[in-house]
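Reader: I am new to this structure. Please take me through one part of it closely, and then show me what lies around it.

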Amino acid sequence: VSLRASGARRVVRALVPGGVGPTVASEGALERYVRVGNNVWNGSTFALLILLGFRVQTAYARFWESTTLLHQMQGEWFESVSSLFTFSSSARAEQEEEVVAFRHTVVRLMSLMHGSALEEIKDDISVTFDVLDIMGLDMKTLLYLFEAKEQRGENRVE
């Protein structure tokens, strides 16, 4: 690009910031100015991409850590329910109805506990979690759980 024409020099002086305008008008200075601008752009883009890469990597690691912990929580609760079922199997021959009622209550409470734990960590207030037959619990238990959350602000899972 040649800047020999006086019209082109005036355009360059008008477009380039104040202190640089007169020096750009010299022969070959515009090419150097553009080359320096490209180097600055390339360097800042590279730095931005490196920082963005670290940020994405951290978010990805946090996502998988939280997913792993949620599955671990679910597995441990399933194991505890399985243990309670096993411990109650010895009484099943003598007290069939009580053991069945106990097992149903344990499953309902664990379902409610899992839903409450997920509710505590959710971001979107419109998301709801289904639980297994909550009306199968007695009214005293349901009232206590409601008061714990709504009136006292307690975490129902702990």
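Author: Start at D133. In this predicted model, D133 is partly exposed, with a relative accessible area of 44%. Its partner is R108. The two side chains meet in a salt bridge, 2.9 Å from N to O. D133 sits in the loop between α4 and α5, while R108 lies in helix α4, so the pair ties together parts that are 25 residues apart in sequence. R108 has 16% relative accessibility, so it counts as buried, the cut-off being under 20%. Side chains of opposite charge can pair when their charged atoms come close.

The structure holds 2 salt bridges. The other pair to look at is R92 with E96. Their closest N and O atoms are 3.4 Å apart. R92 is partly exposed, at 36% relative accessible area. E96 is partly exposed too, at 38%.

Now follow the chain to α5. Helix α5 covers residues 139-150, which makes 12 residues. At 1.5 Å a residue, α5 should span 16 Å, and its end C-alpha atoms are 16 Å apart, so the two values agree. Its buried residues are L142, L145 and A148. They cover an arc of only 130 degrees around the axis, which puts them on the same side of α5. An α-helix has 3.6 residues a turn, so residues three or four places apart point the same way. The buried residues of α5 pack against α4, residues 96-121. The face turned away from that buried side carries exposed residues: M139, K140 and E150.

The charged end of R103 sits over the ring of F85, 4.9 Å from its centre.

Rings also pair with rings. The count comes to 2 aromatic pairs. In one, Y60 and W64 have ring centres 6.3 Å apart and planes at 75 degrees, so the pair is edge-to-face. Both residues lie in helix α3, residues 29-88. They are 4 residues apart, about one turn of the helix. In the other pair, the rings of F63 and W64 have their centres 5.1 Å apart. Their planes also stand at 75 degrees, so this pair is edge-to-face. Y60 counts as exposed, at 55% relative accessibility. F63 is partly exposed at 46%, and W64 is partly exposed at 42%.

Technical notes:
Residues are numbered from 1 along each chain as its sequence is written. This is a predicted model: local features need pLDDT of at least 70, side-chain atom pairs count only at pLDDT 80 or more; totals for chains, interfaces and linings use all residues. Side-chain values use heavy atoms; hydrogens and water are left out. Rings of Phe, Tyr and Trp (its six-membered ring) pair if their centres lie within 6.5 Å; planes under 30 degrees apart count as stacked, over 60 as edge-to-face and the rest as tilted. Helices (H or I, at least four residues) and strands (E, at least two) are DSSP runs, numbered from the N terminus. Buried means under 20% relative accessible area, exposed over 50%, partly exposed in between (1.4 Å probe, protein chains only). A charge sits over a ring if NZ of Lys or CZ of Arg is within 6 Å of the ring centre and within 35 degrees of the ring normal. The expected span of a helix is 1.5 Å times one less than its number of residues. The arc is that of the directions from the helix axis to the C-beta atoms. Contact means heavy atoms within 4.5 Å. A salt bridge is a side-chain nitrogen of Lys or Arg within 4 Å of a carboxyl oxygen of Asp or Glu.
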